[in-house]
Amino acid sequence: MSKTLVEKIWDAHVVKSEVGFPDILYIDTHLIHEVTSPQAFDGLRKRGLPVFRPQQTVATADHNVPTLNQLQPIKEELSRYQVDMLTKNCAEFGIELYGLGHPFQGIVHVIGPELGITLPGKTMVCGDSHTSTHGAFGAIAFGIGTSQVEQVFATQCLLQQKPKTMKIEVNGALGQGVTAKDIILYIISKISAAGGTGYFIEYAGSTIEALSMEARMTICNMSIEMGARGGLIAPDQITFDYIKGREFAPAGEEWDKSLAYWKTLYSDADATFDSVLTFDAADISPMITYGTNPGMGMGIAEHIPSTASQVASEQASFQKALDYMGIEQDTELVGKAIDYVFIGSCTNSRMEDLREVAEFVKGRQKAENVTVWIVPGSKQIEQQAIAEGLDKIFEAAGFQLREPGCSACLGMNEDKIPAGKYCVSTSNRNFEGRQGPDSRTFLASPLTAAAAAITGRVTDVRTLLNEPAHA
Amino acid sequence: MKKFEKLTSAIVPLNIENIDTDQIIPARFLKATTREGFGENLFRDWRYNGDNTLKTDFVLNNPAFKGRILVAGKNFGCGSSREHAAWAIQDAGFDVVISSFFADIFKGNALNNGLLPIQVSDEFLAEIFSTVGKDNSAQLDVDLETQTVTNVVTGSKTDFEINPYKKSCLINGYDDIDFILNQKQLVEEFEQNR
Ligand code: SF4
């Protein structure tokens, strides 16, 4: 019987399927971090249970960590306590921890792929909604709540309803200045922040197939921003080449065996999806969000929609979002003065993002009124950036290269955008207060963020790409 | 987990769509390592001004509205997977959340904690908002056994869906971990046969 990729992986992990009950789904890899795990460890203690398969669990500290002087004791007491708890819990339950100071430390969704832990055909979960990132390798990966973290600790399984499947095809060549981030912001703006609810999304089509692994991760990362459980892309030669030789990737005979299996991981030609959407890459321009959910995005040269053009029941929420952002309907965003630029988060903090930004800013200077933070996704990326001399380029441009963590993506550490200030951010959420109380976020690609850093205003990066940088 | 059967209660109306988990409980309050106490910071930035004084125009600060049922606009609970959102709502004294649409992860988290998310039609939701708009002590009657919600003032009644397994968990007060642990042998067999 023909199957979609999601069905193939799902069916290979069902321990038990019974009518009237959710499936018992086996989980290959469980990633954990300091914020959503302590209550789950506590639950285990209360039940008197061990972690069932500690070798299939990997921990890092990312959400709460400082991005300056990371190896000094953390100043903020509660953050320090949470990170210390993780260290203590991992030691007690026998879990490998890549904590502060470890060469593998970083944002949980950046280090999984980078270390060869994320592999095609796996089931992976983490107490963080952007676990969908790992789907870029052709894995079923999704975010879970803390009760479920406890469930996976205790049983290495989850009770799950089989999700509906959606295919999103994007075909054709991308225009100048258009990146993976723009593709996904475009899709979300078309189908809305709830348009994928209940689905697992498979991204396909010639545009997606041409993307690098890092770009694919950016796409899958934001699946959750349309409400989807997860997103994935069938593995191909680009995937295999990326994995080969990584720290924990299979090697030797194991590699050959794995590769043979991975090559069976695609949706059969006649498999049926519950929903299919198709987009044309030529319609996508550099994107920016103007509102307070990721669905409120537009091509950067467009005008903010009018409140009257929204469905009647949504007009009040729409206007509330514009008021929060301090912007007017029917106006354009290009030229709007901004205060901060944040280049980081599990959406856009990988080597390619940093290289792209460095190449663009080389010989340019940031605008005086803007603070620019570049927060690499992992220690390895930070080291690589320094090895390639990107730190010098950033420094010359007035950009601060900091140490790895989630940082201003969610403002749990000190990296907060002050009230009322505008930030062009490469992260994934523009919710009210996400980057700090009363902060205002415009989501965009690293290139568009870099352009805003240079001009101090929301800028169509295409106008700068054609202009030589001055040394 | 505590058991849930029936509830008749007044309503706290929050007629806003797309309420995300960062509004329900902002990230900076996620630093606790226990499940208790999050209710204090439920909707923190909507309840308090920057100087920590209460925003008197926000419904949760209005003593005229109290009850164990939170009623909110479409796409409630979108955003992050933080279960703290469900804990905060429960800790603030709610047993039921009603909306015309819930984000997936929130719904799962709520059910795993015995907080009942009920999805109703846009029309039924609009009627609740209008009823409570006229009378802030208006009540709803929630019956999990028959899977119905009744607007006590107007008499309108609607069915709601819930996974039968989850329903039995709520009614009996047991959870997924108990369920899987009972079948641990199957898990071990699965591991051996791969
Ligand atoms: S970078 Fe942001 S979205 Fe990604 S894991 Fe950290 S907090 Fe979550």
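## Salt bridges between the chains

In this predicted model, B:Asp175 and A:Arg47 form a salt bridge in which the closest N and O atoms are 2.6 Å apart. A salt bridge is a side-chain nitrogen of Lys or Arg within 4 Å of a carboxyl oxygen of Asp or Glu. Between chain B and chain A the count is eight salt bridges.

Polar contacts also cross the interface of chain B and chain A, where 28 residue pairs are found with both residues at pLDDT 80 or more. A polar contact is a pair of N or O atoms within 3.5 Å; within protein, one must be able to donate a hydrogen and the other to accept it, and residues adjacent in sequence count only if both atoms are side-chain atoms.

## Extent of the interface

The size of an interface is often given as the accessible area lost when the parts come together. For chain B and chain A the buried area is about 4800 Å², and carbon and sulfur atoms give 57% of it; the value is the accessible area (1.4 Å probe) that two parts lose on being put together, summed over both. B:Lys31, B:Thr33 and B:Ile177 supply 15% of the area that chain B buries against chain A, more than any other three residues.

In terms of contact (heavy atoms within 4.5 Å), 51 residues come from chain B and 65 residues from chain A.

B:Arg82 is placed in the loop between β2 (69-72) and α3 of chain B. Helices (H or I, at least four residues) and strands (E, at least two) are DSSP runs, numbered from the N terminus. With 4% relative accessibility, B:Arg82 counts as buried; buried means under 20% relative accessible area, exposed over 50%, and partly exposed in between (1.4 Å probe, protein chains only).

A polar atom of the B:Arg82 side chain lies 2.8 Å from the backbone oxygen of B:Ile25. Leaving aside neighbours within four places in sequence, the contacts of B:Arg82 include A:Leu410 and A:Arg434 in chain A, and B:Asp22, B:Pro26 and B:Asn109 in chain B.

## Overall form of chain A

Chain A holds 16 helices and 19 strands. Its C-alpha trace spans about 55 × 55 × 45 Å along the principal axes.

Of the 471 residues in chain A, 65% are buried. Among contacts in chain A between residues at least 6 apart in sequence, 77% join residues at least 24 apart.

## Local backbone features of chain A

A:Ser345, in the loop between β15 and α12 of chain A, has a positive phi of about 80° although it is not a glycine. A:Ser345 is buried, at 1% relative accessibility. A:Asp330, also not a glycine, has a positive phi near 65° and lies in the loop between α11 (315-325) and β15 (340-343). With a relative accessible area of 49%, A:Asp330 is partly exposed.

In helix α12 (residues 351-361) of chain A, the buried residues include A:Met351, A:Leu354 and A:Phe360. Just after this helix, A:Gly363 takes a positive phi of about 85°.

## Basis of the values

Residues are numbered from 1 along each chain as its sequence is written, and chains are lettered from A in the order in which they are written. Local features need pLDDT of at least 70, side-chain atom pairs count only at pLDDT 80 or more, and totals for chains, interfaces and linings use all residues, while side-chain values use heavy atoms, with hydrogens and water left out.
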